[in-house]
Amino acid sequence: MNTCPFCDAKNFTAQLIHEFEHAYWVAAHNQYYQGYCLLIAKQHLREWHEVPENIALALHNNLRQVASKIHEAFAPHKINLASFGNAVEHLHWHIVPRYLSDPDHLQAPNLTMPASLTPEMFEQLKQQLG
Ligand SMILES: [Zn+2]
């Protein structure tokens, strides 16, 4: 039985901003970095090099679209992109807007901050990014 939490879209429906052909754009639970989102591949693949070329191109374009929307909505100083997959071995990216107001903005983002996304915050975020 597959217990991968990213294989079942029901696990993140409440944070879904947009569904692309090959990926889900989801608001992260932690909004310490306002606009922090995830892009989750629909197909269960562990590594970037395992992605078929046509899907890799689509995912690459999706990442650009998400980053562009975040930039338009929140005008961060920088946008960090990261793909780890150590905790959840299903290809996904962290798209993390960084602000000069963050005292640690020169460091890698802390992605283990406690969940802070409320349903009201999500609705506002979805409107701002839509
Ligand atoms: Zn999976």
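These are my notebook entries on a predicted model.

**Entry: the sheet**

I began with the strands. I found an open sheet of five, in the order β1-β2-β3-β5-β4, and the pairing is antiparallel. Which strands stand at the edges? I noted β1 (16–19) and β4 (78–82) there. Each has a single partner strand, so one side of each is left without a neighbour in the sheet. From one strand to the next, the twist averages 20°. I reminded myself that strands of a sheet pair through backbone hydrogen bonds.

**Entry: β3 and β5**

Next I looked up one pair inside that order. β3 and β5 run antiparallel to each other and share four bridges. I then checked Cys37 and found it opposite Ile95 in β5.

**Entry: the core**

I turned to the largest nonpolar core, which has 22 residues. Which members touch the most others? They are Cys37, Leu39 and Ile40. I also listed elements that supply at least two core residues each: β2 (23–27), β3 (37–41), α1 (53–74) and β5 (92–98).

I followed up Leu39. Leaving out residues up to four places away in sequence, Leu39 touches Ala23, Trp25, Asn62, Leu63, Val66, His92, Trp93 and Ile95.

Last, I looked at Ala75, in the loop between α1 and β4. Most residues other than glycine have a negative phi. Ala75 is not a glycine, yet its phi is positive, about 45°. Is Ala75 buried or exposed? I counted 10 other C-beta atoms within 10 Å of Ala75. The cut-off for exposed is 12 or fewer, so Ala75 is exposed.

Conventions: Residues are numbered from 1 along each chain as its sequence is written. This is a predicted model: local features need pLDDT of at least 70, side-chain atom pairs count only at pLDDT 80 or more; totals for chains, interfaces and linings use all residues. A nonpolar core is a set of buried Ala, Val, Leu, Ile, Met, Phe, Trp, Tyr and Cys residues joined through C-beta atoms within 7 Å. A residue is buried if 20 or more other C-beta atoms lie within 10 Å of its own, exposed if 12 or fewer, and partly exposed in between; C-beta atoms are placed from the backbone. Two residues are in contact if their C-beta atoms, placed from the backbone, lie within 7 Å. Two strands pair if DSSP finds at least two bridges between them. Axes are lines fitted to C-alpha atoms, for helices over the stretch in contact, and angles run from 0 to 180 degrees between N-to-C directions.
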